[in-house]
Amino acid sequence: QVRLVESGGGLVQPGGSLRLSCAASGSIFSISRMGWYRQAPGKQREFVAFITSAGRTTYADSVKGRFTISRDNAKNTVYLQMNSLKPEDTAVYYCYAEEGVTQWGQGTQVTVSS
């Protein structure tokens, strides 16, 4: 089983940047894909981005050109660099890993507000 620990959330002004990290431990050899979802208050959880074991990336239209997902294999960590943040990006961001089943992190709050 894979365990995921997120970090890097916080409060930022519109137009600012944040970088989220997701560190994986456990059966990491079985992970085929890692990525991020987010959930705003009163809304359903929505897809943000993922990166495959081969390095292929996919983004939601709402974050294309502003967010970048990457990984450091030596640290078993996936990052989400978020630039040009908007108030509508405010949400709890959840890291996930697919390894036959989907494992989730505990979530990290991102608040974009002036």
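**Strands, a disulfide and a pocket**

Q: Let's start with strand 9 and strand 10: in which sense do they pair, parallel or antiparallel, and over how many bridges?
A: Strand 9 and strand 10 (residues 101-104) pair in the antiparallel sense, over four bridges. Keep in mind that you're looking at a predicted model. As for the general idea, strands of a sheet pair through backbone hydrogen bonds, either parallel or antiparallel.

Q: What do strand 9 and strand 10 form, and what sits in the turn?
A: They make a hairpin with one residue between the strands. Click on G100 in the turn and you'll find a positive phi, about 95°.

Q: Now the open sheet: what is its strand order?
A: Four strands run in the order 1-3-8-7, with antiparallel pairing. To find the edges, look for strands that pair on one side only: here those are strand 1 (2-7) and strand 7 (67-72). From one strand to the next, the twist averages 20°.

Q: Where should I look to see how strand 1 meets strand 3?
A: Follow strand 3 along residues 18-26; strand 1 pairs with it in the antiparallel sense over six bridges. A handy landmark is V5, opposite A23 in strand 3.

Q: How many disulfides does a search of the whole structure find?
A: The search turns up one. For a call like this, the two cysteine sulfur atoms must lie within 2.5 Å; those of C22 and C95 are 1.9 Å apart. The pair ties together distant parts of the chain, with C22 in strand 3 and C95 in strand 9 (residues 91-99), 73 residues apart.

Q: Why is the disulfide of C22 and C95 called left-handed?
A: Check the torsion about the S-S bond: it is about -80°, so this disulfide is left-handed.

Q: Are C22 and C95 buried or exposed?
A: Here the cut-off is under 20% relative accessible area for buried. Both C22 and C95 are buried.

Q: Last one: which residues lie nearest the centre of the largest pocket?
A: Rolling a probe the size of a water molecule over the atoms shows where empty space is left. In this model, the largest pocket has a volume of about 230 Å³. Its lining has 16 residues, with I28, I31, M34, R71 and N73 nearest the centre. By type, the lining divides into seven nonpolar, six polar and three charged residues. Strand 4 (33-39), strand 5 (46-52), strand 7 and strand 8 (77-82) each supply at least two of the lining residues.

How values were computed. Residues numbered from 1 in each chain as written. Predicted model: local features only at pLDDT ≥ 70, side-chain atom pairs only at ≥ 80, totals over all residues. Heavy atoms only, no water. Pairing = 2+ DSSP bridges. Axes fitted to C-alpha atoms, helices over the stretch in contact; angles between N-to-C directions. 1 Å grid on protein atoms, 1.4 Å probe; cavity = no way out; pocket = protein on both sides within 12 Å on 5 of 7 lines; lining within 4 Å. Points joined across faces, edges and corners; volume = space filled by probe spheres on them. Nonpolar A, V, L, I, M, F, W, Y, C, P; charged D, E, K, R; others polar. Buried < 20%, exposed > 50% of the residue type's maximum accessible area, 1.4 Å probe, protein only.
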